[in-house]
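Have the viewer open as you read.

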Amino acid sequence: MRDGTGRIIDYMRISITDRCNLRCRYCMPDGIQSLPRREILTLEEMEAVAACGARLGIRHIKITGGEPLVRKDCCDLVKRIRKIPGIETVTITTNGILLADNLDRLAEAGIDGINISLDTLDPDRYRELTGGGEIGRVLEGLDLAAAAHIPAKINAVSLDLGEQNWKDLLELGRERPVDVRFIEMMPIGCGKNFPSLDHRVLLKQMEACYPGMEKDGRRHGFGPAVYYKIPGFKGSVGFISAIHGKFCSSCNRIRLTAQGYLKTCLCYSAGTDLRKILRADIPDPAEKERRLEAAMEEAVRNKPQAHCFERPEEITEEENMIRIGG
């Protein structure tokens, strides 16, 4: 599937819930209300969108939230999507709190990789950032995933928490085959109030601390991260630099919100409401599939050429990331 600029779109992120068991200050602080459950897509509806995407050329699915593991049918959805013809990989992004409890089920469902959101290894700072989270549970899940040989990555938002903070995170990849990725803060929703570190500066600091650090040209996934190897480390360090390393020319993704809204760019509110089609009274299943495909194709065809995060006054997306999907 190609968009209007010729980019191949083969990666879809599916948010399966807007609920979360943490209250990270830049994402879902206290006071943000969850949507009524009737507004959230059912497992069958999400599977239908994934199958439609596969027919159009989507090959890689990322399950996100909110926190996807708070939804009891999350592992069942992974299993269903993994069986769709054309889908090559299904991965998940989680805060890791419930990972140890669900790892066996995820492995049985055929999960291809796990991304764990983790911004600090300091237990007190972690509790403060997350509204009470216990980091021990996250690290337990990480170690179990590594022991099960499930590819794991750490996603750390590049908050200005000091040099020791990012050094501690990097050390997770010294003895574990775990990639540690730093993500520039998106100026969306509550994230507007948390300035992100400039990755150009961060990379120079890391190179000064780790002599011999060099570009890692191996493929680590299907997203926009740029990777580097540190001598003696089993894992690599990655940078997702939406602001200071704009990668729109190679963007290959679309996003489905938990409400069924298909977004083609984080920066803009534009997209299309697939839930209307999924819940429309269309007796013929083939006709419903045809309308769903047509709506997805049109949305992708109109995908913006680039985001405008560097020009905040032009951003039209007003929802918090918890509603959009991570």
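Which helix and strands each supply at least two residues of the lining of the second largest pocket? They are helix 7 (199–209), strand 7 (214–216), strand 8 (226–229) and strand 9 (236–240).

A word on conventions before going on. This is a predicted model, where local features need pLDDT of at least 70 and side-chain atom pairs count only at pLDDT 80 or more, while totals for chains, interfaces and linings use all residues. Residues are numbered from 1 along each chain as its sequence is written, and side-chain values use heavy atoms, with hydrogens and water left out. Helices (H or I, at least four residues) and strands (E, at least two) are DSSP runs numbered from the N terminus.

**Pocket and cavities**

On a 1 Å grid over the protein atoms alone, a cavity is a set of points where a 1.4 Å probe fits but cannot get out; a pocket is an open set with protein on both sides within 12 Å along at least five of seven lines, and lining residues have an atom within 4 Å of a point. Grid points are joined across faces, edges and corners, and a volume is the space filled by probe spheres set on the points.

The second largest pocket holds about 530 Å³ of space. Its lining has 28 residues, with P224, A225, V226, Y227 and F239 the closest to the centre.

There are also 2 cavities of 30 Å³ or more. Around the largest cavity sit 13 residues, and S158, L159, N165, W166 and F182 lie nearest its centre. Strand 5 (152–157) and helix 6 (163–170) each give two or more residues to this lining, and helix 6 gives the most, with 3. For the second largest cavity, the lining includes L170, I230 and F233; strand 6 (178–183) and strand 9 each give two or more residues there.

| Space | Volume |
|---|---|
| Largest cavity | about 60 Å³ |
| Second largest cavity | about 30 Å³ |

Strand 3 pairs (at least two DSSP bridges) with strand 2 (residues 60–64) in the parallel sense over 4 bridges, and K62 stands opposite T91. Another 4 bridges join strand 3 to strand 4 (residues 113–117), also parallel, where I92 stands opposite I114.
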